[in-house]
Amino acid sequence: MFFFMNTSELIVKKRDGGSLSPEEISHLIEGYVNGSIPDYQMAAFLMAVYFKGMTDEETLALTEEMIKSGDVLDLSAIEGIKADKHSTGGVGDKTSLVICPMLSALGIKMPKMSGRGLGHTGGTIDKLESFSGLKTDIDGDSFIKQANDVGFVIAGQTAKLVPADKKLYALRDVTATVDIMPLIVSSIMSKKLASGADIIVLDVKTGSGAFMKKQEDAFELARQMVRLGQNAGRKTVAVVSDMDEPLGYAVGNALEVKEAIEVLNGQGEEGLRKLCLMLGSCAVLEAGLAKTEAEALQMLEETIDNGSALAKLAQFVKAQGGDEKAVYDPSLLPKAAIVQKLFSPFEGYVQKLDADGIGRACIGLGAGRQTKDSVIDLSVGVVLHKKLGDYVEKNECLAEIHASSEEKAEQGKKQVLDCFGFSEKRPEGRDIIKGIVK
Ligand code: URA
């Protein structure tokens with residue numbers, strides 16, 4: 001029997017706190033993607049979801065329907081265990097550039113789709129383009145071949161992967177319906193599930209520079225995404241991590257690549273290294289390659305100590321057409337014309353280091369996009385010399401500003417200084433890892 005579904009009745013049902021069936025959700029998503037449901041009705045529905053939420057069953061149905069709107073990657077031709085990692089977005093997040101080489105050195109395949117940066121958070125694809133000649137526009141056959149031959153491949157996300165999310169996200173962005181749990185869960189998880197990996201490791205950020213400012217909200221988001229991934233038959237685990245300050249010292253494309261290489265060389269900032277190892281260990285454990293976290297961490301550390309992770313990065317860069325010499329000599333990466341030091345006019349402990357503000361300063365320098373079509377400068381950005389809890393003497397260097405002109409460097413210095421707050425008292429110690437959800 002054919003039932004005619006009335007869109008406004010479905011909006012009423014959600015507005016009044018009802019739960020929608022998978023068929024009803026399918027009607028809404030299909031209709032919105034094919035244009036038979038207009039923006040104004042979808043906007044009203046999203047706002048109803050904002051106030052009334054969704055059950056786990058509804059969120060799963062919404063995610064499945066979004067996946068159906070586009071292509072689903074078939075990774076069956078890639079041998080072995082396939083893992084993927086996703087971060088909810090943050091400033092200075094270069095973890096993929098460390099994790100993919102480490103895991104592929106251990107035999108876990110990392111066939112990854114990544115995005116470009118928009119707003120104050122950077123994108124892996126932009127960072128990778130710091131390697132001269134490197135291409136991320138890769139056809140399906142080459143993607144599979146490189147995953148098999150090298151162990152990891154990173155391609156730009158195609159428009160065919162979850163087109164429903166593209167359309168819905170653009171509407172959410174202008175209708176104050178972005179920051180609602182079931183819509184974030186379905187948006188992120190539809191893309192991760194459509195990307196086809198067996199293991200999904202999520203890095204859910206919390207703090208002033210994150211989407212989820214409050215820790216309890218980040219844990220709830222992590223729990224919902226993990227539950228959904230597991231219900232969809234994927235091994236899914238989340239690390240909730242700190243984003244009260246930028247991750248590591250470097251923010252800006254080539255500067256972040258250089259810092260990732262430092263970590264693969266056994267150096268780099270402690271928090272960044274710890275987070276990379278923890279995210280990696282989740283994949284190693286889920287893949288069944290280790291029995292305990294300590295064992296998994298040791299295996300990953302070995303890939304750094306014996307140089308196999310760095311060698312994987314070089315192999316990957318070469319396979320994607322880039323200049324792999326820069327992996328061993330980062331001075332070959334793009335360099336800014338001007339590097340100025342910001343000296344502290346104050347003394348005391350750093351008690352605030354606004355990650356969003358540093359991200360905005362980097363956009364001002366040209367490292368990030370204001371709009372989708374902005375052209376970015378891969379060489380510019382900020383290298384912090386002090387982080388939360390560090391003691392600073394008056395006139396000590398707080399940060400280096402890498403800029404294309406003296407004027408931009410001066411402006412950057414002002415903006416970066418505004419991100420710092422100082423106190424006489426030593427702030428409490430902090431851990432970058434807030435917890436694991438599995
Ligand atoms: N990232 C996404 O991809 N979707 C959201 O809804 C939020 C963050």
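## T7 and its surroundings

T7 touches H27, L28, I37 and Q41, leaving aside residues up to four places away in sequence; a contact here means heavy atoms within 4.5 Å. This is a predicted model, where local features need pLDDT of at least 70 and side-chain atom pairs count only at pLDDT 80 or more, while totals for chains, interfaces and linings use all residues. Residues are numbered from 1 along each chain as its sequence is written, and side-chain values use heavy atoms, with hydrogens and water left out.

T7 sits in helix 1 (residues 7-15). Helices are DSSP runs of H or I with at least four residues, strands are runs of E with at least two, and both are numbered from the N terminus. With a relative accessible area of 10%, T7 is buried. Buried means under 20% relative accessible area, exposed means over 50%, and partly exposed is in between, using a 1.4 Å probe and protein chains only. As for F420, T7 is 413 residues away from it in sequence and 50 Å away in space, C-alpha to C-alpha.

Helix 11 covers residues 253-264 and reaches 17 Å from its first C-alpha to its last, close to the 16 Å expected. That expected span is 1.5 Å times one less than the number of residues. Since 10 of its 12 residues are buried, helix 11 is largely enclosed by the rest of the structure. After helix 11 comes G266, with a positive phi near 85°.

Helix 14 (residues 308-319) also has 12 residues, and its end C-alpha atoms are 16 Å apart, in agreement with the 16 Å it should span. Its buried residues include K312, as well as L310, L313 and F316. Just after helix 14, G321 has a positive phi of about 85°.

## The whole chain

Zooming out, the protein chain has 17 helices and 13 strands. Its radius of gyration is 22 Å, which agrees with the value near 22 Å for a compact globule of 438 residues; the radius is taken over C-alpha atoms, and the globule rule is 2.2 Å times the number of residues to the power 0.38. Of the 438 residues, 56% count as buried. Among contacts between residues at least 6 apart in sequence, 77% join residues at least 24 apart.
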